Each structure stands twice: as structure tokens, then as C-alpha cells.
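User: Hello! Could you walk me through how to read some features of a complex like this one?

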Amino acid sequence: MNELIQLNLSSLTGRKYWRSLNQLADTPEFRQWVEREFPEGASEMLDSGSRRTLLKLMAAGFGLAGLTACRRPAEKILPLSKGVEGYVHGRPLHYATAVETCGIASGLVIECNDGRPTKVEGNPRHPFSLGATNAFQQAMILDLYDPDRARQVQKQGVKSSWAEFESWWMEQSAKLGDGAGLRILSSRSTSPSLEALKAEIAKKFPQSAWIEYEPVSFDRALEGARLAFGRPLVPHYRLEQADVIVSLDCDFLGLDTLSAQPVKQFAARRKPEDGKELNRLYAIEANFTITGAMADHRLRARSSDAGAIALALARELNVSGAELKVLSQGGDRQQKFVAVAAKDLMAHRGRSLVVAGPRQPAEVHALVALINQALGNTGQTVVYTRPAFAAADTLGAVQKLAEDLAAGRVNTLFVLGGNPLFTLPAGPDWAALFRKATVAALTFDENETWKAAAWQLPEAHPFEAWGDVRALDGTASIQQPQIQPLHGGRTALEIAALIAGRAERRGHGIVRSYWAAQWGAQAEQKWKQALYEGVIAGTQFPLEEAKADAARVLAAAQSALKPAPAGIETVFYPSWHTLDGRFANNAWLHETPDPMTKLVWDNAALLSPATAKRLGVKDGDVLEISSGGRQIRCPALVLPGHADDSISLQLGFGRSACGRVGRGVGHRVEGLRAAANFWFGPAEARKTGATYKLVTTQEHHTLIEPITGLKRHNIVEEFSVEQYRHRAEHGRHEPHPATDLFPEFDYSKGYQWGMAIDLSACIGCNACMVACNAENNIPVVGKEQVSKGREMHWIRLDRYFSGEEEDPQAVVQPMACVQCEKAPCESVCPVAATVHSPEGINEMAYNRCVGTRYCLNNCPYKVRRFNFLNWNKDIPEIRKMVFNPDVTVRMRGVMEKCNYCVQRIEEKRSQAKAEGRRPIRDGEIVTACQQACPADAIVFGNINDPESRVAKLKQQARDYSVLEELNTKPRTTYLARVRNPNPELV
Amino acid sequence: MADLAIDPRMELNPPLVQGGMTYSDVTDKISSIVEGKAPKQWWIAMAVAVPLALLLFACLGYLVTTGIGVWGNNSPVGWGWDITNFVWWIGIGHAGTLISAILFLFRQKWRTSINRAAEAMTLFAVACAAIYPLFHTGRPWRAAYWLFPLPNELLHMWQNFRSPLMWDVFAVSTYGTVSALFWYVGLIPDLATLRDRSTTPIRKTIYGLLSLGWRGSATQWRHYELAYLLLAGLSTPLVLSVHSIVSFDFATSLLPGWHTTIFPPYFVAGAVFSGFAMVVTLMTLARWIYGLENLITMKHLENMCKVMLATGMIVGFAYGTEFFIAWYSANQYERFIFLNRAFGPYWWAYWSMIACNVIAPQFFWFKKFRTSIPAMFILSIFINIGMWFERFVIIATSLHRDFLPSSWGYFSPTWVDIGTYLGTFGLFLTLFLLFLRFLPAIAISEVKGVLHQQVSAPHGVPAHGGSH
């Protein structure tokens with residue numbers, strides 16, 4: 001040591017300070033000691049530099065912890081009415097959003113249970129949903145959790161990523177130059193943000209083209225407006241103002257409008273108690289649609305005859321002053337029908353309305369616009385605005401795309417949404433043409449287009465993504481996500497931003513920046529307001545002054561409209577099950593029967609009894625239908641009331657590339673749908689001899705019994721306006737009091753729940769059925785089990801025809817458990833599994849049920865549903881997310897049925913209790929079917945409260961109980977259907 | 001029949017036991033079936049019955065593990081072959097009790113040679129029937145004890161005693177219990193006979209245990225006769241009550257076609273009708289297999305044919321009455337359901353029923369048919385089929401088209417329906433063949449009592465001649 005010290009001291013110059021001899025010696029031990037922070041033996045982290053790392057990790061930890069909450073501050077979604085503040089676990093939150101289908105937007109409110117969207121409702125503030133929904137919107141929630149969705153970015157089937165796709169596009173985009181080789185084929189969108197992006201893309205790639213294609217659209221109406229007014233305008237009907245409505249091949253209550261608004265307006269005029277005069281609907285149509293079923297007078301006519309009828313109507317109404325060409329006289333019935341309808345229209349000038357269906361050519365639309373103008377209806381019952389999207393000749397653009405592809409002029413083709421390879425008009429070999437370009441397809445499921453694409457991109461569900469839409473009248477809504485994209489999908493908006501080369505490529509940023517630019521200083525406040533309300537105030541388009549050019553319209557109509565050719569014609573309709581194929585993997589919709597045919601899990605060639613007889617076919621016989629050298633095969637289904645020599649075909653079936661639900665279901669008819677007969681056209685039909693099993697939930701039974709020929713009363717009651725007035729004056733017939741073996745329950749106290757269903761308002765649109773599916777976790781059983789009569793719907797729509805087979809009337813009756821006060825099911829259950837609640841609900845105790853099915857046998861309404869097999873077996877995990885946590889999922893072997901959404905009653909009861917034990921207000925409890933109903937045909941409430949809406953409805957003269965003579969005393973009563981026939985046509 | 005014994009003319013009133021059999025002949029003959037080797041026919045019959053019985057268990061296993069959906073039941077036809085078979089089998093069981101108890105009380109001596117087998121048939125038919133109410137439920141593992149008023153943790157409440165299905169549970173279980181007791185009590189003297197004739201220790205032990213120490217002493221006979229009489233008295237109302245209560249399953253509902261007051265007597269008559277048909281079917285077979293012509297005489301068979309004729313006429317009358325009331329009630333649903341039975345989609349079932357139940361027994365007006373073994377065998381089969389159709393018609397045709405035409409449907413059986421039904425035949429036959437093999441198929445002691453029936457038996461109680 002001393003030597004070392006000496007050495008060190010000697011090596012230093014100048015004065016040397018040292019702390020210790022060790023330092024002087026500069027031993028390794030000393031050096032170690034200096035480096036050590038803590039004395040030996042004290043605990044320490046062995047890792048060198050540990051403190052630094054620890055601090056780093058802590059900082060990162062805090063950062064990451066913060067990240068979990070990043071999404072909310074970054075992309076703020078706001079509840080409609082219930083704040084996250086004070087959030088109670090297990091209670092749902094409701095967020096407003098909007099969706100568009102075929103370019104028609106509706107505002108929705110989504111119920112989320114613990115971050116999981118489970119139920120769709122209409123947004124009452126939105127002008128096109130008005131709080132209601134249609135069946136498709138109800139079923140969208142199931143698509144969200146579809147296990148067969150596109151989940152992964154792929155490059156020709158090989159797993160890839162969005163980053164790889166983006167870098168591919170960066171390279172590709174540089175090579176595209178002015179974009180001469182770039183085409184974008186998208187489904188229709190009304191998004192203002194997307195419109196801005198389109199403009200950017202057009203600027204960046206001036207030679208590129210953006211084509212919007214929808215297999216189901218009302219483009220022809222816009223073309224008609226262009227013809228009449230010189231510019232494309234959207235007609236908006238004010239059906240609630242119209243006393244007389246003539247529908248020319250227009251299913252405006254059903255699949256031709258796809259929103260609740262027209263139904264609300266129409267149904268408001270079908271309730272005689274409201275003091276308003278009943279409207280009168282004349283329907284002229286080929287297929288028997290639900291609009292036809294609501295009509296007071298219905299004329300069967302082929303779609304190609306509508307032109308002649310429109311001309312005849314114009315002639316009768318003398319719109320031009322000049323003599324109009326007669327295309328065809330039609331039969332006596334048709335002539336009389338047109339004459340009477342015209343007279344009725346004339347008598348209600350300014351309060352009448354003629355509407356034309358989207359299948360009709362532009363000339364018919366123009367003619368109808370002219371007729372409405374001549375009747376003084378324009379500005380009264382019909383107003384016009386500009387469309388929410390750029391109206392274009394879609395079929396022409398698609399044809400041009402085919403030519404460009406064939407000529408090799410297209411190098412890159414983006415498909416944004418939809419399934420064009422399935423839906424594009426027949427003719428070009430699209431599959432081969434698509435191989436000529438690099439196709440990047442953003443699709444929701446692994447459909448035909450996805451399979452053919454080089455870049456396969458999963459599309460986000462509207463409930464997962466930011467966006468914005470415009471309703472038909474321009475009202476804009478922010479599409480607010482309810483959940484993070486489940487499979488990392490993106491939207492067309494986000495891809496468009498990528499194509500446009502924007503830095504901000506996330507939906508939230510795109511939408512927000514668009515609207516921030518619109519709003520300026522108030523952006524923050526308005527954004528919150530828009531999210532909260534689900535509509536952006538003041539975004540409606542102004543009404544347009546529309547003056548039809550009569551001379552031009554009549555000239556065009558007289559030259560373009562031709563007499564209908566003789567022979568069979570085919571007409572394409574959207575389907576109640578898949579719409580245009582987009583819902584093909586949605587089991588709820590497949591199992592919800594078509595409102596008129598009651599067909600499930602299939603489409604069919606609908607034809608009239610006479611045509612079927614002529615072709616020698618009956619239900620299930622496969623027809624070969626050919627037109628323009630193309631053939632399809634489709635099983636026939638006879639529909640009473642269908643026009644003769646016409647075959648109605650539903651789109652969207654026979655998907656070859658589809659998820660497990662929809663693959664191979666039905667028959668593809670798109671193969672016949674060329675641009676020339678896009679909606680209807682002549683065809684030939686031939687019986688093939690093959691048969692196919694079609695399954696319906698209901699036969700074509702009428703209320704007339706077979707064998708005896710007697711009509712069954714007390715099921716559906718119908719009155720004419722006259723009869724109704726008589727009944728209202730003389731009071732209803734009170735049934736004789738019946739004697740009972742069992743003592744009466746005391747129903748005088750507390751809440752007594754009851755329901756009234758208005759058959760006059762119900763249009764039979766299936767919305768209630770699908771809403772009930774979603775609310776009550778109702779299982780799907782499949783075609784085979786439905787054929788055995790084992791469907792599980794708690795509410796069904798009974799459709800009865802009346803009158804002659806060729807030209808019947810139809811009435812639809814929603815039927816769920818009617819909650820009998822003297823329930824036949826209750827007395828026969830040996831284990832008391834179905835019992836009466838003190839509030840009058842016939843309740844099912846699933847746990848107690850052993851499944852004797854005696855209750856089912858003894859139920860005169862046959863509304864009980866039995867779990868014959870385990871319908872919930874092998875459900876993919878993700879599909880389970882759609883279950884309503886408030887409702888039990890039933891096991892096999894137990895009975896189930898409607899219970900008036902008892903979970904909703906209990907929810908409101910506890911809410912009322914929490915709010916100071918106040919009574920439950922009338923209208924506070926809304927059943928799922930009632931909430932979805934666009935016609936307000938279902939009213940639920942406390943019948944013990946004489947002031948409640950339901951109690952008042954039950955006092956109406958047209959209130960009756962189904963099968964009253966059985967003395968079951970149902971709590972659900974019906975309001976008789978009131979028809980308003982024209983005495984001149986009766 | 002009482003004057004049968006007085007009448008000296010043998011041709012008109014032949015003795016109940018023929019061929020000049022003595023007491024020991026009777027014992028030997030009947031015991032030999034149990035003691036000797038099983039004839040080839042027995043093995044052939046077992047070869048058919050056992051696989052069918054196994055099929056029953058296979059079908060039930062499939063049913064319980066998969067669900068009622070393996071059958072054809074649906075909405076609106078909640079009950080199909082299950083309850084049809086249940087009522088059919090219960091009906092089959094009726095003849096046993098009727099022959100044993102009611103004919104016993106009415107001193108109908110001719111019953112003695114057939115009552116034992118008929119009682120066994122009752123028991124086995126009730127066993128087959130009891131399968132259905134349990135297994136037709138969606139959750140039989142619960143129904144197995146929830147349908148009984150046992151205290152249990154899950155229900156926390158009583159069953160619903162307003163439900164006819166509850167009444168059914170009690171009626172059928174009571175019937176089963178009393179029938180078993182009645183049958184067993186009747187067996188005791190014969191079991192003792194077999195015990196005493198046993199040559200192997202195993203047989204001796206088993207029959208010894210089963211015969212409960214029977215010695216054949218006068219005191220024992222006195223108690224035995226009284227017990228038998230009491231059980232007969234107890235069984236008699238059951239014959240009427242069981243099927244009446246089974247008919248309540250339908251009659252108390254509000255379904256047209258079910259909701260009728262005629263059902264209790266109509267069901268009882270139908271049950272006796274089908275029961276006798278089944279007894280004839282089985283007895284003619286047993287007679288042929290074991291050569292029991294002297295014990296099961298033509299007189300017995302002819303009497304049973306007469307009962308079938310009578311009850312068949314009652315059933316036919318009931319069919320007519322139903323139609324009349326349907327018309328007379330002026331109830332639209334009621335009228336429709338009956339016309340629909342005859343002319344609706346199930347017309348074939350209805351007319352099969354009419355042909356088998358109303359037309360077939362009419363042949364029994366003729367002595368030639370009443371005394372022809374092949375004729376009565378075939379006709380009894382027809383009646384068995386017809387009575388099955390009757391239950392099917394009542395259940396399926398009433399359900400398939402009830403009040404709301406929107407909910408009308410159709411029922412088609414699946415292979416499991418058919419397999420289960422065939423399986424119950426297997427179970428029934430297996431049990432019956434085992435019974436033939438191991439127990440005296442004819443009541444030895446009772447037959448001996450009527451051996452000299454040409455001599456009047458003034459006090460009417462079967463004379464007993466000891467057990468040896």
C-alpha cells in the first residue's frame with residue numbers, strides 16, 4: 001500500500017488533495033467504491049444503469065397508461081342523452097350515428113352495453129328515420145359481429161398489412177402520373193367529406209375517373225327530373241298532406257324508399273281517430289308489394305304497362321291540352337281504374353299525389369312530375385331539392401369502364417365498397433376484365449369482388465368508423481363509431497384520403513377537418529352538438545323552384561314510351577332478405593319471411609296463378625328464364641295478385657363467395673340483368689322439370705276455410721270508412737259476459753300492461769320482427785328447420801289474402817303473445833313455468849320449464865316457440881357479442897315467447913324508482929317492436945291509466961280482440977283495418 | 001255366463017278347460033313352459049324383440065342428447081307420435097285390468113286362463129307408455145322429478161295442480177302400481193308351485209323369495225282371496241279413471257277436436273277395444289307357440305271377439321256423435337276440425353281409422369269369424385292399427401289446423417319417431433317373452449278352480465284345489 005501511495009504521489013505534480021489512503025493508492029476496490037452509490041450490503045438493482053432504465057420504464061408506463069384513454073380525447077364521441085359521467089355499469093349508453101343504404105341515409109341511435117353495440121334504434125331527430133328503423137337497419141348489428149367478415153389485409157390471398165398496402169400505393173401513385181390509368185368504382189355515397197376528397201383526387205389525377213354504381217338506386221327518377229326540369233332533382237313527398245295517392249309501380253312503403261319517413265307520413269293518414277280524413281291509395285304494380293297490400297284499390301299491371309297508364313292518366317287529367325298518344329287501351333278494368341283515379345285526383349287538386357317507382361324509365365318520372373304540376377301538387381304534396389350526390393349516368397359510366405378495361409386503358413382499379421363483380425350489369429365478362437388491371441378492393445366481406453382483387457382490404461362497418469352522410473333532403477349527420485374496428489377495417493373515406501395523398505388519413509380527422517372548415521370559429525361547439533344530436537342543424541338543401549317543361553316531357557314520353565310487347569317480362573326487385581346481396585350473410589334477414597310470399601332463405605320467380613298455369617308450373621318448379629341470350633334458373637312461386645305475363649325476380653341471392661350463412665342460398669338472377677333490361681324487359685320462361693324446395697312460414701291460407709268455404713271472423717276485422725263511421729256512432733258490440741271456473745285476478749291496481757296494434761297503420765315491413773330478434777336474443781334455425789315449422793320469431797306477421805285468387809286484397813296482422821288474462825297456456829303447464837304477473841303479463845320461467853309443449857298446443861294464437869334443438873350451439877365467440885345482456889339465452893327443451901320486453905319494463909321501473917319513486921310515465925316504456933315500427937302501429941302502456949295512449953286506443957270503436965269468443969281476454973287488442981274504397985270502383 | 005255351468009249341452013256351452021285335463025295336467029302343462037327348454041319360436045321371437053328394444057334405447061339416447069327436434073314435432077303440432085303412442089300403449093294396458101278385476105268381480109270364470117297374461121301385458125304396456133310422458137319433454141332430466149310433488153331446491157313451489165298433465169302423472173303411476181300389485185298377488189300361489197317343483201337351488205331360491213313363504217294353508221287362502229278381491233275392487237275404478245284422466249289431457253284444452261265432453265267414456269271404450277285386440281293378438285300367438293289350445297279355448301277367444309265387437313261399436317258411435325255435435329254446436333272451428341279430419345290433408349289417417357275400428361269389427365257378428373284363429377288374428381291387428389290411428393287423428397289433425405290459418409302446419413314423422421315406436425314394441429315383446437319364459441303365463445291355481453266348471457260352483461268364489 002505504502003509503495004503504491006508513494007508511487008501515486010510521486011506521479012502527481014502540484015498540491016495533491018486526497019480523501020483517504022485508498023484514494024491515494026487508487027486501488028480497484030476504491031474505484032469500485034467510488035462508482036458504487038450504496039454501501040456494500042444495501043439492496044440494489046443488479047442491472048447496471050438501473051435507475052435510468054427504471055425511470056425510462058416508468059415514464060413509458062405512464063405514457064402507455066395514458067394511451068389506453070387516448071382514443072376518447074383524440075376522437076371524441078358524445079352520447080345522445082346519457083353521459084359517460086355517472087356511468088353505471090350494466091346500464092346501456094346510447095350514441096347517435098347515421099348509416100346510408102343505396103345512397104339513402106337514416107339517423108340511428110345505437111345502444112351500447114359496456115362498449116359493445118347491441119341494438120339499433122331510429123334517431124327521432126333525424127328527418128328520415130323519425131325514431132323508427134327498417135328491417136335492414138335492425139339487422140346491421142348482426143353484420144357487425146359477422147365472423148365471416150373480411151378481417152385481414154391481403155395481397156392476392158397472402159397476409160399483408162395496411163402499411164404494405166400504403167407503400168404499394170405510394171409507389172403506384174407516383175407511376176400513375178395524371179391518372180389516366182386510375183379508376184375508382186365505389187358504391188353510392190352522400191358523404192360531404194368524400195365529395196371534397198373526390199375533388200382533390202380529380203385535381204391530383206385529372207385523367208382518372210370515379211364511378212359510383214348501385215345495383216338498387218333511384219337514378220331514373222333523377223333522369224326524369226332532368227328531363228322535366230332540366231336538372232336532376234329529388235322529389236320529396238309529403239304523403240301526410242295527400243288525400244289521394246296514385247302509385248305507379250312504386251313500393252314507396254317498402255323497398256323503394258328504404259327509410260321510415262314515407263311510412264310515418266302515410267300511416268299518419270290511416271288512423272281514423274286522429275280526426276283527419278283517411279287518404280286513399282291507388283296502386284298500380286306488377287309484383288304484389290306491401291304498398292299494394294295497403295292500397296284501397298290495386299291494379300295489376302306489368303311494369304312495362306306503367307308508361308301507357310301514365311300517359312292515359314295524363315290524358316284523363318288533360319295535362320297538355322293537346323291529344324296524347326294512346327299506347328294501349330288496357331282492359332276494361334284498367335280503363336275504369338285510370339278514369340276513376342284521375343277523377344279522384346282532380347277532385348283533390350293540390351292535395352293529391354302521383355308517385356312513380358324507381359324501375360320506371362325517366363319519361364314516366366317526367367310525366368308524373370308533369371301530372372303533379374298540372375294537379376297543383378308541386379310545392380304542396382311534392383317538393384324538390386337537389387340530390388345529395390352527383391347524379392350521373394351510372395350505367396353509361398359502368399359501360400365506359402368495361403370498355404376502358406377491355407382496351408387496357410386501366411392500370412389501377414380501386415373498388416370502394418359494395419360487391420360490383422356480383423352486381424354489375426350482365427354482359428361484359430367482368431371477372432376477365434378485372435384481371436386486366438390491378439384491383440384494390442375494399443369490401444366488407446370476402447365476396448366475389450374480394451376474391452378477384454390483387455389487394456384485398458377489409459372495410460370497416462358503419463358502426464366502427466367515422467364518416468358523414470347526407471339524407472335525401474341534404475340533412476347531414478356525422479357517422480359516429482360505436483366501437484373500435486373489430487378487424488382493423490378502414491372506410492372508403494380513408495382510402496380516398498390515401499388516394500388523394502392527404503396526410504390526414506384517419507376518418508375522424510378527415511370528417512372533423514371538413515366540418516371545421518365549414519363551421520369556422522364555432523367548430524368545437526357544433527361538432528359536439530352534431531355528435532350529440534345525430535343531425536347537423538341547417539344542412540338541409542333549400543327547396544328548388546321546379547317547373548316542368550310540358551312540351552319537352554310530352555314529346556319525350558310520346559316518342560320514347562312504347563307499347564308493352566306481348567309475352568313474358570321479367571322485373572328485378574331488391575330482396576327483403578339481402579337487399580341487393582349486401583345482407584346475404586345476415587341470418588336474421590334470411591329467416592325473416594318476405595312480407596308477401598312469406599318465403600325464407602330463398603328467392604323465387606314470382607308469377608301470377610294464371611301465368612303459372614300457362615307455363616305449367618307450380619311452387620318449387622324450376623324455371624329457365626332467358627333474355628338476350630342469357631339464361632338463369634330460378635324456382636317458381638305463385639303469388640296471388642301478381643300481374644300476368646310478368647315474373648318478379650329478387651336480387652342478391654346465389655352468392656358464390658360469401659360467408660357460411662349466405663353461400664349458395666337462393667338463385668342468382670343478376671346474370672339476366674343487362675344494362676338494357678336493368679329493371680325490366682322481355683324474357684322467355686320455360687319449365688325445366690327440375691324442382692327445388694322453397695320454404696315459407698305461411699301457406700297462402702286465407703281466412704276462408706278450405707272444405708267448408710266459411711270465413712273465419714274474429715281474426716282480422718276490416719271496415720270501410722262508412723262501416724267504421726257507423727260503428728263509431730253506434731258503439732262497439734260488447735261481448736256477453738262469460739262465466740269462469742277460475743277466480744278472477746285483481747287487475748284493478750298498479751300498472752296493467754297492454755298493447756294496441758293498429759291494422760290500419762301496419763304495413764307489414766318486418767322491422768318489428770328483426771327488432772325483436774335483436775332485443776330478445778332470438779335464435780335463427782335455418783331453412784330446414786323452418787320447413788318443419790320450428791322458426792322462433794316471437795312476433796310474426798300473418799298475411800291473409802281475401803277476394804279472388806287472381807286479384808286479391810291482402811291484410812297483415814302482427815301476432816305476438818297477446819298476454820291473455822285467462823291464459824290457456826297457464827292452466828295446462830304441469831310445472832307452473834308460465835304464470836301470470838300481477839301486472840298482467842304472461843311470464844315464462846325458463847328455468848322451470850321442462851318442455852311438455854302442452855302450452856303450445858293449447859295456445860289459440862300459436863305464438864309460443866319451442867327450442868326443439870339447441871339453436872345456440874356452436875356460435876362463434878364474436879357473434880355472441882350481439883346478445884342483449886338483459887335477456888336470457890334459452891337452452892334447448894324450453895318454451896319461449898313474447899313477454900312485452902319485460903326487461904325494458906324493469907329498466908324503466910328501476911329508473912323511475914331511482915328518480916324519487918315517481919310513477920312510470922305513459923310512453924316511457926317502449927317495446928322493441930313498437931320502437932322499430934315506422935308506422936306507429938304498435939302502442940304499449942298501462943291500461944289502468946285511462947289517460948294513457950293505449951287505454952284510449954282500446955276505447956276506440958274499432959278495437960277488438962282476436963278470437964274474442966274464446967274468452968282468453970287478451971291484453972293485446974287490435975284496431976280494425978279501415979279501408980277507404982272509392983264507391984265508384986267497388 | 002253363470003248359466004254356462006248349468007247347461008248340460010257341451011256343444012253349446014263347452015267347458016272352460018278342455019281335453020279332459022286333470023289338476024296335475026294343468027300344473028304340468030303350465031309349469032313345463034317355465035321349466036322346460038324354450039321352444040325355437042321363443043328364440044326367434046327374442047331375436048326380433050331384443051334388437052328392437054335396443055333400438056328404443058338408441059333412439060331415446062339420441063333424443064335426450066340432441067333434443068325433441070330429432071322427432072317430427074313442430075309448431076303447431078307440439079305433440080305427434082309421442083303422445084299418440086303414449087295413449088295407445090295406455091289403452092293396450094286396459095284389457096289386462098279389465099279382464100283381471102272387472103271380470104273377476106262379475107264372476108266371469110272364463111277369464112282365468114287369460115288374466116295372467118293380460119295383466120302382464122298391462123304392466124308392460126304401461127311401462128312402454130310411461131316412456132313417452134317422460135321422454136317427450138324437452139328436458140327429461142328435470143321432468144323426471146319436477147313432475148312429482150317432491151320438495152326440491154330448484155322449483156321452490158308446488159306443481160300446477162290445475163294441469164291435466166299433473167293428473168296424468170298421478171293416474172298413470174297409481175295405475176301402474178296397483179296393476180303390478182294385483183298381478184304379483186295373483187302370482188304368489190303359482191310361484192310357490194314353481195318353487196316346489198324346482199330342481200335347481202337357484203330356481204328354488206328365486207321362486208322361494210318371490211312366493212313370500214306361501215304354504216297354501218286354508219288361512220293363507222282365506223287372506224289371499226280377500227286381498228285379491230280387495231285389489232280387484234281397487235283396480236276396477238282405475239280402469240275407468242286412468243283413461244278418463246288421459247282423455248282430460250285433451251278434453252280440458254280449448255283446442256277444437258280436443259275440447260269435448262265425450263272423451264272420457266269414448267277413451268275408456270277405445271282402450272278396452274284396443275286392449276282386447278292386443279290380448280287376442282298375443283293369446284293366439286302364445287296358444288300357437290305353446291300349444292295351449294285346451295286352456296285358451298275357442299270360447300275365450302270368441303268372448304273376446306264379442307267384447308271387441310261391442311266396444312268397437314261404442315267407438316264407432318262416438319265417432320258419429322263427435323260429428324253430430326260438431327254440427328249441432330254450430331261452432332265454426334269445431335265443424336271445421338271434424339270435416340278437416342275426414343277431408344283435409346290427413347284424410348288417409350281418418351279413413352284408415354274408420355276402416356280398422358268401425359268396419360273391421362263388424363265381421364265379428366259372424367260366428368265364423370269369431371271362431372277362426374287367422375280371422376281374429378288379422379282383425380285384431382287391424383284394430384290395433386286403427387286404434388293407433390284414432391289417437392293420431394285426435395292429436396295431429398286437431399293440432400295441425402287450429403284457430404289461426406296463418407299458423408297451420410303439417411306433421412311428418414322422422415326415422416327417430418318410427419324407431420322409438422318400433423323400439424317400444426321391442427321392449428314390450430322382450431318383457432312379455434321373458435314373462436312367458438320365467439313366470440306361469442296362465443294362472444294355475446285359478447284354472448284349477450274352473451277345471452270342473454260344468455259342475456255348478458254355487459258360491460261363485462273360485463274353488464281352490466291346493467297348489468299341487
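User: Which residue of strand 12 of chain A is the bridge partner of A:V244?

Analyst: That partner is A:S352.

User: Is strand 12 of chain A mostly covered or mostly open?

Analyst: For burial, the cut-off is 20 or more other C-beta atoms within 10 Å of a residue's own. Strand 12 (residues 352–356) of chain A is mostly covered, with five of its five residues buried. Look at the directions too: A:S352, A:V354 and A:A356 point one way, A:L353 and A:V355 point the other way, and all are buried.

User: Now a helix, please. Why is helix 19 of chain A described as largely enclosed?

Analyst: A general idea to begin with: an α-helix has 3.6 residues a turn, so residues three or four places apart point the same way. Here, nine of the nine residues of helix 19 (residues 492–500) of chain A are buried, so the helix is largely enclosed by the rest of the structure. Among the buried residues are A:E494, A:L498 and A:I499.

User: What does the radius of gyration of chain A tell me?

Analyst: Compare the value with that of a compact globule. For 986 residues such a globule would have a radius of gyration near 30 Å, and the 33 Å of chain A agrees with this. The C-alpha atoms of chain A fill a box of roughly 135 × 80 × 60 Å along the principal axes. Chain A has 32 helices and 39 strands, and buried residues make up 55% of its 986 residues. Of its contacts between residues at least 6 apart in sequence, 74% join residues at least 24 apart.

User: Where in chain B does pLDDT stay under 50?

Analyst: Where pLDDT is low, the predicted coordinates should not be read in detail. In chain B, pLDDT stays under 50 over residues 1–12 and over residues 454–468. Chain B averages 86, and 91% of the residues score at least 70.

User: What ipTM and pTM does the predictor give the complex?

Analyst: The ipTM is 0.91 and the pTM is 0.89.

Notes
Residues numbered from 1 in each chain as written. Chains lettered and ligands numbered in written order. Predicted model: local features only at pLDDT ≥ 70, side-chain atom pairs only at ≥ 80, totals over all residues. Buried ≥ 20, exposed ≤ 12 C-beta atoms within 10 Å, placed from the backbone. Helix = DSSP H or I, 4+ residues; strand = E, 2+ residues; numbered from the N terminus. Pairing = 2+ DSSP bridges. Rg over C-alpha atoms; globule rule 2.2 N^0.38 Å. Contact = placed C-beta atoms within 7 Å. pLDDT = per-residue confidence, 0-100.
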